[in-house]
Structures are given as C-alpha cells and as structure tokens.
Amino acid sequence: MPTQTVDLPLAESVRTAGPNSSRNAPRYRAIEQLAVGDEVMRDLVERGKRLIDRGIPILILGETGTGKEYLSRALHEYSERRRAAWVAVNCASIPESLAESELFGYCKGAFSGALPGGMKGKVQQADGGTLFLDEIGDMPFALQTRLLRVLSEREVIPLGAMRPVPVDVQLICATHQDLKTLIADGRFREDLYYRIAGGVLRLPALRDRADRRRVIMDMIAAELAVDEADERMIAPAALQRMLAYPWPGNLRQMHAVIRYSCAVMDGGRIEVRDLPEELMQFQAANLGHTGHAANVRPIVPQADAAAALAHPARQSGEALRDERTRVIDALIGSRWNISAASRQLGMCRASLYRKLRQLDIPHVRDQAMPAYAVA
C-alpha cells in the first residue's frame, strides 16, 4: 500500500487504518522520512525496522508531541502486516466504564444498551495487523490484568462470550510517563511492563534533535503545499527564533506554530511579526530586549560553546552576556534539570554549578519569580 505523507502528527481517540480505510483517514510519513538528519533518530528508526517483524512487542517512550503515533504508523507501513489493519487506541481518552468493551468487545445481549449484534473490540479489529495502545500508562489497573491475559494467551474473551477468540496482533504501546515510577507507586503492573517492553524505542525531544532546521523547512513546505523546502520561505530572524526556542510541546507545538504563521503571513515568507505570542515572549524574556529581530542570538555549535565556557576570563563583556544567555537557555530548555543542561553545554554537573556562581545566575529554587522564567 503506497504511503502518502503530511507533516501533522495526529494522535487522538481511536482510529483504524487498513485497505478499506476512508480516503479522508490520517496520512503519515514513511519511516525513512522520520529521520531526516539526526543521528539519534536514524539509529532509533533502524532499530525499529529490525524489531517490527520479529513478533516483539514495542514500547515507544518520549515526551508529549514527539511523534510516538507517527513512528507506530510508520513501523506498521514498513512491516509485513502493512496490508492488514492498524488500530490505534488512546487509553487516556476512553471512559473507564467503556474501556473494557472498547478493547475486548461484547456479544449480543451482554448488557443493557448493547448493540443488537454485539461489537468487535479493538483487539479483534487489529487481528492480523497492528494494535497501537497510546498512553498505556493511563490504562485502568483492572484493565491491565485482562490485557496481560490477552498477550499471554493470544486470545480475547468478549463480554458475554462463552469461549475465547484467538487473535494475532503486533503490539506497539506508547507513553510519555515513567512506567517504572508507576510500578513503584502500584499504578502499573510490573508483569505487564515486561510483556509490552520487548523492544524500547525512546524518541528524543525536539530541542535535542540536530535536524530542527530541516524539520521546520519540511513543515513549512507541506503547509504551503510546495514540493521542496526553500529557506526563502522564512525570514532569517524568524528562523533563528524558531531554532532557539526549546519547544516544550515538541513536533505538535511546532506544527501549530507553523500553521499559524503561514495563515497570518502577508507576503511570500514568514516574518518575525508572523510568529505567535509564545515565541515572542520567549525571546523577550531570555534576551532582555524589546524583540527586534536583529538581536536574535545565532545558534552556536556545542563544541564552540563548551570551549568558551571553559575560559571565561578570555571573553569580552559581550561574549560573557552571550555565555550567560546560552546557559540560561539550556536551563530553561531542560526545565532546570542540571544533568540535562550540563550535557547540552558539554560540561559536568559540578562545572555547571560553578558556572552559575560565576555568571551570577541564581538557581530557580532560590528565587520566587526568576526574570527569565518561561511559563
């Protein structure tokens, strides 16, 4: 089945894709297009391609908006099951009272209000294909027990049925939560975790990807319905703001920003004035100016930034100000996770703490309302 592509990562409620799907069904990028220039993404995609046809359950981890459903759909399209159904279930969006019947189905007369002919559950609908359980960490605990039996016995018992129905599915689960923490808190079954985590793929946050420029240009090209990305479609100052922004909402947020900017731009390219409020506020908060595009700080390669940080005495006043901005950007981008910020800056945790003292940057815990904090 040929794969069509768009840039929007859609991931809500329940959807089914297969040979009889509607022409208006969501369309996704091919798996090779998910790693356009980032080494971590390339390695992740290659690992996923090796796992998908081995009958190994796959668990995709990553922050909200990083493209977990995108990856799931691309793996299905790449797999030997591509001609069968791909069924997606968002475990966080189904009411707990309906979750069991949605997943496992029911027979005629199983309960008051049931459809006259019964209903196939999502597990049966995915028979022969791929079942994608999004936000698996939000699955009710009681339902986890039934799912564990389905995975163990490869059969499902619809509500009201007298005998089990065999099923054959490739299982892909996804979550932004730390399942091991949920296990420790008694909210997720440890035995189910080991059933679903046969192969773990951890998607990087957008702020950590080396191909952000390419992703931005591809999204703009798709939104403007042109065949090839061209940097003339966005002003350099606007592009620099987008490259510097930490993207807490990842790909989903970036797509929303680009859709907005393409809708409001007046002319042939996106200007700084066309960017939404959150990008303008981020720059004003971190750069300490009124938002003039000429003052947007260029992206500095990590190796150069680390070298500059190592020798503060050799830097001019302007360089020190740039250094301070780089450190603050790294801290905000990592939500003040010192380990993550130090990795981004190319130094150890102890060196970063020393740098905070040298640059007179108080830790966020030591101040009630930091001037450079982002809501």
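Tyr193 is buried, with a relative accessible area of 12%. The model shown here is predicted. It has 15 helices and 10 strands.

**Aromatic pairs**

- The structure holds 3 aromatic pairs.
- One of them joins Tyr193 and Tyr194: the ring centres are 5.3 Å apart and the planes meet at 75 degrees, so the pair is edge-to-face.
- Tyr193 counts as buried because its 12% falls under the 20% cut-off.
- Tyr245 and Trp247 form another edge-to-face pair, with 4.8 Å from centre to centre and 85 degrees between the planes.

**The protein as a whole**

- The protein has 375 residues, and 47% of them count as buried.
- Its accessible surface comes to about 18900 Å². Carbon and sulfur atoms hold 49% of that surface.
- Take the contacts with a separation of 6 or more: 71% of them join residues 24 or more positions apart.

**The second largest cavity**

- How many cavities of 30 Å³ or more does a search of the whole structure find? The search finds 5.
- The second largest cavity holds about 60 Å³ of space.
- Its lining is made of Val89, Cys91, Ile94, Ala99, Leu103, Met139, Pro140 and Leu143.
- What kinds of residue form this lining: nonpolar, polar or charged? The lining has 8 nonpolar residues, no polar ones and no charged ones.

**Helix α3**

- Helix α3 covers residues 96-104. Its buried residues include Ala99, Ser101, Leu103 and Phe104.
- Ala99 and Leu103 also belong to the lining of the second largest cavity.
- An α-helix has 3.6 residues a turn, so residues three or four places apart point the same way.
- Gly105 follows α3. The phi of Gly105 is positive, near 80 degrees.

- Most residues other than glycine have a negative phi.
- Where does Arg154 lie? Arg154 sits in the loop between α5 (141-153) and β7.
- Arg154 counts as partly exposed because its relative accessibility is 47%.
- Asn250 is placed in helix α10, which covers residues 250-264.
- Asn250 is buried, with a relative accessible area of 0%.

**Ala161**

- Ala161 lies in the loop between β7 (155-156) and β8 (165-166).
- Why does Ala161 count as partly exposed? The reason is its relative accessibility of 21%, because buried means under 20% and exposed means over 50%.
- Ala161 and Cys107 are 54 residues apart in sequence. In space, their C-alpha atoms are 6.0 Å apart.

Terms used: Residues are numbered from 1 along each chain as its sequence is written. This is a predicted model: local features need pLDDT of at least 70, side-chain atom pairs count only at pLDDT 80 or more; totals for chains, interfaces and linings use all residues. Side-chain values use heavy atoms; hydrogens and water are left out. On a 1 Å grid over the protein atoms alone, a cavity is a set of points where a 1.4 Å probe fits but cannot get out, and a pocket is an open set with protein on both sides within 12 Å along at least five of seven lines; lining residues have an atom within 4 Å of a point. Grid points are joined across faces, edges and corners, and a volume is the space filled by probe spheres set on the points. Ala, Val, Leu, Ile, Met, Phe, Trp, Tyr, Cys and Pro count as nonpolar, Asp, Glu, Lys and Arg as charged, and the others, Gly among them, as polar. Helices (H or I, at least four residues) and strands (E, at least two) are DSSP runs, numbered from the N terminus. Buried means under 20% relative accessible area, exposed over 50%, partly exposed in between (1.4 Å probe, protein chains only). Contact means heavy atoms within 4.5 Å. Accessible areas come from the Shrake-Rupley method with a 1.4 Å probe; for residues, only the protein chains shown count as cover. Rings of Phe, Tyr and Trp (its six-membered ring) pair if their centres lie within 6.5 Å; planes under 30 degrees apart count as stacked, over 60 as edge-to-face and the rest as tilted.
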